[in-house]
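Hi there,

Here is the structure I promised to pass on to you. Please have a look at it first, and then read my notes below.

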Amino acid sequence: MGNLMEINRDINQQINHVQALIKIESSFEAIGLSVSEYQAEQFFQYYQLLVETNKVMNLTAITDFDEVVLKHFIDSVLICQAFDKSGLVPENFKRMIDVGTGAGFPGIPLKIIFPELHVVLLDSLNKRVRFLNDVIDKLQLKDIVAVHSRAEDAGRNATYRDAFDLCVSRAVANLSSLSEYCLPFVSPGGIFVSYKSSDIDQECEHARKAVYLLGGKIERVNKCFLPESDIERSFVLIRKEKETPRKFPRKAGIPSRNPL
């Protein structure tokens, strides 16, 4: 009887695994992206690591499988729709930094979808960086590193300043502060994309001066809905037109307390 129960449990686990992979593949197809079986397996392993680690560390309030797929995985790569509308394609970017990555969003899903990207995941909390390194190792991702640092400090580091074609951030901060954190990483001509909620027009207007002082220009805001939901995502695309003055970013804590 014991062996029969173990066999049934194994069969159920296999069925659930296959169903999960099908769900991942169909979810990406809904936004016009195809994923290989290997990539779908990477996303599934990522989900397993996320929910298991979340039991002992506060990584996310979202743990239901379908919600993680939609609100973390799909949301992270929905940026592709913003690029398509702007005449940009992710394949043109070689180096990307994800500022305030947290549990790895959007950086890790973008790395899985575009494996040729060289990616830096930046976070100020060391225990999250340890989790990210575990994900990188278990998913066998290459050309990706997790860095423990505040954005204000890393932005003054010659290794990272002006070093990236693309900077992304889903971090929760006003656009003026977020631009001061992120634009120093972008090389002139590159793009910073801020993931925002739907109500962003007034925040963009207030941030225009700060973006200009930092060497950037708000090119456009692209809005779209997560598939089969009423959740709207806004992508603010900011072009780095010239080098950010050396006095930015200011010392740690100042950008959030006193936005430009």
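Ser 187 is buried, because its relative accessible area is 17% (buried means under 20% relative accessible area, exposed over 50%, and partly exposed in between, with a 1.4 Å probe and protein chains only). Ser 187 belongs to strand β5, residues 186-196. Helices (H or I, at least four residues) and strands (E, at least two) are DSSP runs, numbered from the N terminus. Apart from neighbours within four places in sequence, Ser 187 is in contact with Asp 162, Ala 163, Phe 164, Asp 165 and Lys 240, where contact means heavy atoms within 4.5 Å.

Before you go further, please note that this is a predicted model, in which local features need pLDDT of at least 70 and side-chain atom pairs count only at pLDDT 80 or more, while totals for chains, interfaces and linings use all residues. Residues are numbered from 1 along each chain as its sequence is written, and side-chain values use heavy atoms, with hydrogens and water left out.

Another serine to look at is Ser 124, in the loop between β2 (118-123) and α6 (126-138). Ser 124 counts as partly exposed because its relative accessibility is 46%. Leaving out neighbours within four places in sequence, Ser 124 has contacts with His 148, Ser 149 and Arg 150. Ser 124 and Ala 252 are 128 residues apart in sequence, and their C-alpha atoms are 11 Å apart in space.

Now to the interior. A nonpolar core is a set of buried Ala, Val, Leu, Ile, Met, Phe, Trp, Tyr and Cys residues joined through side-chain atoms within 4.5 Å. The largest one has 59 residues, and those with the most contacts inside it are Phe 28, Phe 73, Ile 79, Ile 108, Phe 131, Val 193 and Phe 235. Helix α2 (residues 37-54) gives the largest share of this core, eight residues. There is also a second, separate core of 27 residues, which includes Val 99, Ala 151, Ala 154 and Phe 185. Not counting residues up to four places away in sequence, Val 193 touches several residues, among them Ile 79, Leu 166, Phe 235 and Leu 237.

Helix α2 itself has 18 residues and reaches 26 Å from its first C-alpha to its last, close to the 26 Å expected at 1.5 Å a residue (the expected span is 1.5 Å times one less than the number of residues). Its buried residues include Phe 43, Phe 44, Tyr 46, Tyr 47, Leu 49 and Leu 50.

Which residues of α8 meet α9? They are Leu 175, Ser 176 and Ser 179, and on the α9 side are Glu 203, Cys 204, His 206, Ala 207, Ala 210 and Val 211.

Finally, a few backbone details. A cis peptide bond joins Phe 105 and Pro 106, with omega about 10 degrees, and Pro 106 sits in the loop between β1 (95-99) and α5 (107-113). The bond from Phe 248 to Pro 249 is cis as well, with omega near 0 degrees, and Pro 249 is in the loop between β7 (232-240) and α10 (254-257). Gln 140 is not a glycine, yet has a positive phi of about 55 degrees; Gln 140 is exposed, with a relative accessible area of 57%. Glu 228, also not a glycine, has a positive phi of about 55 degrees and is exposed at 85% relative accessible area.

Best wishes
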